[in-house]
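Hello,

Here is the structure we talked about. My notes on what turned up follow below it.

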Amino acid sequence: MQMKMNRKHILFLGTAACVVACGLLGSGLMAQSSAPPQSAASAGPKMAEEQFKNIKVLKGIPADQVIPAMQFITVSLGVECEFCHVQGTGGKLEFDKDDKKPKQTARKMMEMMFAINKNNFDGHREVTCNSCHRGSTDPVGTPAVMTAESRVEAKAAPAEDKKGEAGDARDAAKEATGPSADQLLDKYVQALGGAAAIGRITSRVAKGTIEFGDKSFPIDLYSKDPYKRISFTHMPEGDNVTAFDGHEGWLGMSGHPMREMHGPDIDAASIDADLHLATHLRRMFSKVSTGGTEKVGDRDTYVVVGQREEKPSLRLYFDQQSGLLVRLVRFAETPLGRLPTQIDYADYREADGVKVPFRWTLARPNGRFTIQVTDLKQNVAVDDAKFAKPPAPVPAPPQGLNVQAK
Ligand code: HEC
Ligand code: HEC
């Protein structure tokens with residue numbers, strides 16, 4: 001798949017309109033170490049330097065990890081792609097050109113980051129662009145003086161799912177004081193209505209609204225067991241679709257070429273599409289531990305960290321009173337760091353013997369949206385064809401433009 005991006009795509013990537021396309025944040029990859037992993041077998045996926053024209057540092061990573069890495073840089077510095085990439089004629093960004101100074105600096109910074117981790121942290125990716133930049137192009141080296149208000153508001157950042165001895169020891173200490181992770185997972189299933197009731201749900205059709213920024217659009221969501229889900233956001237310019245059929249996923253405006261989901265997108269989609277997630281959680285994890293207590297809004301919660309084989313762990317926040325899941329945090333790996341997605345569940349209502357969240361807010365470093373369900377039906381017939389991938393549109397006849405079919 002040739003990654004030819006035009007300005008429209010980029011805007012879509014970077015703004016609130018990424019509501020549905022935000023999956024673009026994560027395509028590909030499983031880079032655990034600080035240095036880019038070396039290309040494995042020759043028959044493996046296309047490497048960054050094979051697909052792109054001017055890769056000097058991120059060599060040896062799969063090509064579909066380049067954009068997630070760029071997303072990580074962009075949110076860490078609090079900029080848009082234009083900060084480093086020049087616009088050519090017609091407003092298209094020319095990503096391979098090195099004309100902008102910040103792009104050249106960014107290359108040095110990547111080398112620096114890899115070196116810091118290699119020389120000081122045994123190659124573990126402890127320091128990332130965000131460690132220093134924290135949303136600004138100019139990291140502040142001097143501590144600030146105390147102001148009149150004096151309370152420094154810590155920027156909300158989902159805790160990292162650190163592995164290693166320190167974390168485990170801490171977890172074990174906390175485990176002694178509260179319920180165990182297994183008890184919390186069990187209580188969640190009970191709070192929803194029990195495993196049998198959850199198992200009886202085979203489909204869910206919901207209508208509601210999706211809000212991002214000051215905009216609000218109607219949305220229709222269809223889920224069907226096993227792991228099928230499609231949503232239609234009805235926007236003035238057409239329906240924005242995000243779909244997963246249990247194996248593959250795609251998203252975009254209906255009638256236009258859809259972008260395929262990769263790695264972390266698929267992982268995220270299969271979590272969202274699972275009508276029986278509550279009863280599946282335990283077996284998704286190779287290891288579960290408690291992560292102490294935290295406040296989510298006005299709720300006191302117990303945190304459970306679930307580690308998975310080959311995939312970033314999940315953090316689950318259970319209401320101490322009701323036992324319900326009020327927050328889930330997952331991460332998309334990029335070669336430079338992890339991008340978090342945080343979903344807050346609220347407005348649980350009883351439907352067909354199970355509790356269902358009627359509202360959830362999904363937040364990423366560069367955008368957030370809230371879906372409020374107004375109308376819900378379960379165990380109704382939903383045709384499998386609903387989730388079938390639309391055929392690739394016939395490419396328009398060439399008009400001197402390079403029409404990219406993927
Ligand atoms: C802070 C600077 C910076 C920002 C912001 C940035 N990039 Fe990059 N980009 C780079 C650097 C540096 C490289 C070259 C990496 C290398 O040499 O390994 C690059 C390379 C690329 C390439 C490969 C181009 C080629 O053909 O060689 C693409 C595509 C790209 N960036 C897309 C994006 C997108 C999309 C965004 C916004 C989401 C973005 N970049 C934001 C610095 C940046
Ligand atoms: C150890 C701290 C640290 C890390 C890690 C770090 N930076 Fe920086 N970065 C700085 C500092 C400090 C400056 C400002 C230097 C100056 O003012 O001359 C800077 C400046 C920059 C600039 C120039 C900004 C401008 O206004 O022109 C870019 C671009 C940049 N960093 C990108 C990155 C990227 C991309 C990463 C991750 C790959 C990264 N940095 C990681 C400390 C860091």
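The largest nonpolar core has 27 residues. Here a core is a set of buried Ala, Val, Leu, Ile, Met, Phe, Trp, Tyr and Cys residues joined through C-beta atoms within 7 Å. Buried means 20 or more other C-beta atoms within 10 Å of a residue's own, and exposed means 12 or fewer, with C-beta atoms placed from the backbone. Leu-184, Leu-185, Tyr-188, Val-304, Leu-316, Phe-318 and Leu-325 touch the most other members. H8 supplies the largest share, five residues. Leu-316 contacts Val-304, Gly-306, Leu-325 and Leu-328, leaving aside residues up to four places away in sequence; contact is C-beta atoms within 7 Å.

This is a predicted model: local features need pLDDT of at least 70, side-chain atom pairs count only at pLDDT 80 or more, and totals for chains, interfaces and linings use all residues. Residues are numbered from 1 along each chain as its sequence is written, while chains are lettered from A and ligands numbered from 1 in the order in which they are written.

Now H8, residues 181–192. Helices are DSSP runs (H or I, at least four residues), strands likewise (E, at least two), numbered from the N terminus. The buried residues of H8 are Ala-181, Leu-184, Leu-185, Tyr-188 and Leu-192. They sit on the same side of H8, because their arc around the axis (directions from axis to C-beta atoms) is only 100 degrees. Asp-182 and Gln-190, on the other side, are exposed. Gly-193 follows H8, with a positive phi near 130 degrees.

Best wishes

Notes. The expected span of a helix is 1.5 Å times one less than its number of residues. Two residues are in contact if their C-beta atoms, placed from the backbone, lie within 7 Å.
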